[in-house]
Protein chains: 2
Amino acid sequence: MAVAGLPKVLAFDVFGTVVDWRTSVARESTTFLQRIGRADIDAVRFTDKWRYRYLDVMKRYRETGRDFTVLDVLHREMLDETLRHEGVDPADLAPALLQDWTFAWRRLAPWPDSVAGLTRLKTRFPIVTLSNGNIALMLALARHAGLPWDAILGAEVTQAYKPDPEAYLGTARILGVAPGELCLVAAHHSDLAAARACGLRTAYIARPDEYGGRRTADEEAAQEWDWSADSLVALADELGCPPAA
Amino acid sequence: MAVAGLPKVLAFDVFGTVVDWRTSVARESTTFLQRIGRADIDAVRFTDKWRYRYLDVMKRYRETGRDFTVLDVLHREMLDETLRHEGVDPADLAPALLQDWTFAWRRLAPWPDSVAGLTRLKTRFPIVTLSNGNIALMLALARHAGLPWDAILGAEVTQAYKPDPEAYLGTARILGVAPGELCLVAAHHSDLAAARACGLRTAYIARPDEYGGRRTADEEAAQEWDWSADSLVALADELGCPPAA
C-alpha cells in the first residue's frame, strides 16, 4: 500500500471491534440475574437480546424523529424491555441496581490485541472513537480497559447515530479532514459500508468471537475493504506502524 | 482536605494553564514576520495583541449572537485583524502561510511540569479539557505536547465559549456528574469565578510567566479557591495522587 494512500486519522468502532461486549455483559448479567432471583434465565441469551434491541434501535433511530438521546439512557430502556420480555417488571427492582446493570456497558474487557494495537497505531495516527456510545460511557470504558484514545468523538459529538451519514461526515468535519482522509476501523460490514458511502476509507477487523463464533449478522454487506486484518496489531503492521520498543 | 471533598473529574483550561502560548506563538511569529518582510514588528507584542483580541472576543461572544464558530476560524480572523493593525493586508499573503501561522496555536509547548503533573493526576481522576479551543486544535496540541487527556471537551462540544455558563454546565452534564463533582483547573481568576458561579469546584494554578512576569490581567477577580498550587505536580500532591513509579 503506497504511503500516499494512508489516511490522516483513524476512527474506531468500539463495541465488538475494540472490546468484547458479549463476554463482559453476560458475566455481569449472570450476577444481576442471580441478585433478582432469576438465575434460571440464560445470561448469554439475555445479553444477545439486549444487544439485538440496540442494533434495531440504531438502524431506525433517525426515522423515529426522536431527539438525540445518549446511549446510557437507551441502554437502560432496552434493559427494561429485555427484562419485561422475561416476565420481570423493572419497576419492582431498585433503580440503583438497574443503573449499575446498565453501566455493565462501561466495564467491557478489550480484545487481547486491542491495547497493544492501539498503542502502536497511535504512534503514527491520531486515534479517535467513532462509536454510538456517549462520551461519559466511552470515557469510563477507556479508563476501565486502558484504551489510549486521542479524542472521544462519535454519536454524542455529532448528535447522530451510525449509520446516519452525519455521524461519519460530522466526525470528519470536526477533525478538519476530508472524508477520504478519515478511515473507519470496524468489525461490522454494515458500519463500513455506511462509512464508505460517505467517502471514508475502511479497515475491517475480523472478530469471529464477537457472537461466540457464529457468523456476523451483516455478512451480506461484506465488500473488499481498503484494509483487512484479524487484529489491531495486524492492522498496525499493515499501516506500517513500528513495533513497540 | 477530606477525601469526601474530592471532585470526581478534573477539567482543565489549557492556554496559559497547561501550555505556554506566549513563548511558542512569539517564536513562530518571529519567523512568519521575517517571511513577510516585516521583521521590524516586535513578535512578542504582536502575539500579545493577537491574544488580547481573543480575550475580548470570548468575553462578548454570546452577546454578539453569532453562531458558534470554531476557534481555528476565529484565530485566523484575529490574525488578519492584527496584521491589518500593523499595516499589512492579509489579502496580499498566501492563504497557506496564513493558515500555517494560525496553526501556531496547535504547536504550543507545555509548561515544564504539565506532562508529569497530568500523568499523575490521571492515575486518580479522569482529566478532560475545558478549553475554548476546538477539538481538532486540542487534539493536534495534545499530540504535539504529549498531553494525556482522557477526553477533549469544552467549547465545541457544548457549543458555548467560556465564560458562558453553558460551557461549564454542559461539560458537567455530558460527563454525567453534578457541577460540584467537577473541578476546573485554571490559571485565570475570571475563568475560575465563572466556574464557581455555576457550582463547580476550583483549583488555581499560578503561572507568573504567562505574560512574561507581568501581573495577570484579571487579578481583581481573585478569590480563595478550593485548591491552589504553583504547578500541576504540586496539585497532584495536594489531591493525593501518588508520585510516578
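This is a predicted model: local features need pLDDT of at least 70, side-chain atom pairs count only at pLDDT 80 or more; totals for chains, interfaces and linings use all residues.
1. Sheet order. Chain A holds an open sheet of six strands. The order is E5-E4-E1-E6-E7-E8, and the pairing is parallel. Strand E5 (151-154) and strand E8 (227-229) of chain A are the edge strands. Each of these two pairs on one side only. On average, neighbouring strands of the sheet are turned by 25° against each other, direction ignored.

2. Pairing of E1 and E6. Strands of a sheet pair through backbone hydrogen bonds, either parallel or antiparallel. In chain A, strand E1 (residues 9-12) and strand E6 (residues 182-186) run parallel. Four bridges join them.

3. Relation of the chains. Chain B superposes on chain A by a rotation of 180°, with 0.0 Å of shift along the axis. The RMSD is 0.0 Å. That is the relation of a two-fold axis. The same surface serves both copies, because 100% of the contact residues of chain B recur in chain A.

4. At the axis. Which residue of chain B comes closest to the rotation axis? B:Ala151 does, with its C-alpha at 2.7 Å. In chain A, residue 151 opens the edge strand E5 (151-154).

How values were computed: Residues are numbered from 1 along each chain as its sequence is written. Chains are lettered from A and ligands numbered from 1 in the order in which they are written. Two strands pair if DSSP finds at least two bridges between them. Axes are lines fitted to C-alpha atoms, for helices over the stretch in contact, and angles run from 0 to 180 degrees between N-to-C directions. Copies are superposed by least squares on the C-alpha atoms of residues with pLDDT of at least 70 in both. Two residues are in contact if their C-beta atoms, placed from the backbone, lie within 7 Å.
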